[in-house]
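Colleague: I have a few questions about this model before I set up my calculations. Could you take me through it, beginning with the ligand?

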Amino acid sequence: MRFKSVKGMQDILPEAEPYWRQVTATVQDTARRFGFEQISTPVLESTALFSRGVGEDTDIVSKEMYTFTDRAREGEQGESLTLRPEFTAGVMRAYIEHGMSSLPQPQKLYSVGPLFRREKPQKGRYRQLHQFNAEIIGSADPVADFEILLLSYSIYMELGLKNLRFQINSTGDPDCKPKYVAALKEYLAPYADKLAPTDRDRLQRNPLRVLDSKERETLPYLENAPHIIDYLNDDCRNHFHELLGYLDAAGIAYSINHRLVRGLDYYTKTVFELWGEGLGAQAALCGGGRYDGLVELLGGSPTPGVGFATGLERIIMSMQDAGIQPATLERPDYFIAYHGEAAKREAVKLITTLRMAGVGARVAFGGRSLKAQLKDADRMRCRYVLIIGEDELAGHTVALRDLSKSEQSSLPMDQVVNALKQRGHMAECEKRVD
Ligand code: HAM
């Protein structure tokens, strides 16, 4: 029996490590520079958190969650748990649970990690995905929305992704949104039986979602649909225009997209996405927006908030499409080879000393011939081999061979660490001079 990875879930192999390192370091360093702090919440949460927070009628909750009933204690019913499909609801739960509203506001929190959505797997769409997620909790100021957009923009700039243009819209608040939904329903009603079946269903359950339909049958009827920004009340309209003013001032390009509503129910006012080149409109690089009612909906006191998340797989895919190479990662320069049991013991002592001193090194395994060990060193792209043979053992020395030049020298065993550290330091200086 041969096992395969679960459908839609992928292994991240060592060859992808330079991308993952660069992307995770960049998102975290940029977030820190913006004054965000990291919060890590559990992968498992109570199912009700998502059905309440994200919304029963969303695709995520109604079709895509990995949900199971936990084992019950005797006489009790097992709790329904879900592998988190997104970060925001869990971060709000933690904010409420740990009384973070009594800390200085707003709280600026970021998270990085895996999420699970049982979507139809395709390019850029997986069932286990990874996100960088950032939230500003406790501020209603449009500057907070701007900061979230600027954070995402800065991350992509830092990584070398260019020609980015935000798609932006406002979805109003509980006062003006229902008026727009009523207008949209009224507009779509005469075409209801011509819409794609999924959209007919959405029209009943979640009419706003018809707006971002990708269905061919539905698209012609959306062209003349009313725009939500014409229905915004003063507060929402001012908020939207203030945010657009900041984006203009910062020179960040955006398009107002009247059909952008996003697939999660908690949004109020600002919503935005960024569509990467080559990914297509189906696969956004990031998405986010404001969710002023969410903390209260989850049992906290009324608290505004705004945030976004970006898929790490999609960032990496965009970098690859754009031909952006990540920085190469350091690998150990030194390989310790030996001949005989006594030399092997010396080799183990030496590798321990080297590692304690912070020098990167590998040691040969398996007691193969010296020739085979040298070949291994070459295959593992170690530049130097430290050889302990019979002569070295007798003379308390180590032979240092430079594989790139086929040169060999001898070092006293008790001076190896200092000598290698000195060489490392000189190599660094040479690099800097280059
Ligand atoms: P979302 O739009 O569902 O928003 O996901 C954000 C990003 O995660 C997407 O733009 C995409 O890059 C990535 N993503 C989503 N699904 C997949 C998938 N199946 N495979 C690969 N990548 C995927 C949220 O999750 C919100 N919680 C964002 C947010 C934070 N809003 C406010 N705060």
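Colleague: Which side chain has an N or O atom 2.9 Å from a nitrogen atom of the ligand?

Modeller: That side chain belongs to Thr 88. Please keep in mind that this is a predicted model.

Colleague: Which residues come nearest to the ligand?

Modeller: Of the 27 residues around the ligand, the nearest are Glu 86, Arg 117, Glu 119, Arg 262 and Tyr 267. By class, the shell divides into 11 nonpolar, 9 polar and 7 charged residues.

Colleague: Which element supplies the largest share of that shell?

Modeller: Strand β10 does, with 6 residues. At least two shell residues come from each of β6 (128-137), β10 (284-290) and β11 (305-311).

Colleague: How are β10 and β11 joined, then?

Modeller: The two strands run antiparallel and are joined by 5 bridges. In one of these pairs, Gly 287 has Ala 309 of β11 as its bridge partner.

Colleague: What is the strand order in the sheet?

Modeller: The order is β1-β5-β6-β11-β10-β9-β7-β8, an open sheet of 8 strands with mixed pairing. The edges are β1 (37-38) and β8 (254-256); each has a single partner strand, so one side of each is left without a neighbour in the sheet.

Colleague: Changing topic to α11: is that helix mostly covered or mostly uncovered?

Modeller: Helix α11 (residues 312-321) is mostly covered, with 8 of its 10 residues buried. Among them are Leu 312, Glu 313, Arg 314 and Ile 315.

Colleague: What do the buried residues of α11 pack against?

Modeller: Their packing partners are the helices α1 (17-33) and α5 (142-158), together with β5 (107-116), β6, β10 and β11. After α11 comes Gly 323, with a positive phi near 70°.

Colleague: Which residues other than glycine have a positive phi?

Modeller: Lys 269 is one of them, with phi near 55°. Lys 269 is found in strand β9 (residues 268-275). Ser 406 is another, with phi near 50°; Ser 406 belongs to the loop between β15 (397-402) and β16 (407-412).

Colleague: Are these two buried or exposed?

Modeller: Lys 269 is buried, because its relative accessible area of 7% falls under the 20% limit. Ser 406 counts as exposed, because its relative accessibility of 66% is over 50%.

Colleague: Where is the cis peptide bond?

Modeller: The cis bond joins Gln 105 and Pro 106, with omega about -5°. Pro 106 sits in the loop between α4 (88-97) and β5.

Colleague: One last item: where does Gln 373 lie, and what is it in contact with?

Modeller: Gln 373 is part of helix α13 (residues 370-379). Its relative accessible area is 1%, so Gln 373 is buried. Leaving aside neighbours within four places in sequence, Gln 373 is in contact with Phe 335, Ile 336, Ala 337, Tyr 338, Ala 364 and Arg 368.

Conventions: Residues are numbered from 1 along each chain as its sequence is written. This is a predicted model: local features need pLDDT of at least 70, side-chain atom pairs count only at pLDDT 80 or more; totals for chains, interfaces and linings use all residues. Side-chain values use heavy atoms; hydrogens and water are left out. A residue is near a molecule or strand if one of its heavy atoms lies within 4 Å of it. A polar contact is a pair of N or O atoms within 3.5 Å; within protein, one must be able to donate a hydrogen and the other to accept it, and residues adjacent in sequence count only if both atoms are side-chain atoms. Helices (H or I, at least four residues) and strands (E, at least two) are DSSP runs, numbered from the N terminus. Ala, Val, Leu, Ile, Met, Phe, Trp, Tyr, Cys and Pro count as nonpolar, Asp, Glu, Lys and Arg as charged, and the others, Gly among them, as polar. Buried means under 20% relative accessible area, exposed over 50%, partly exposed in between (1.4 Å probe, protein chains only). Contact means heavy atoms within 4.5 Å. Two strands pair if DSSP finds at least two bridges between them.
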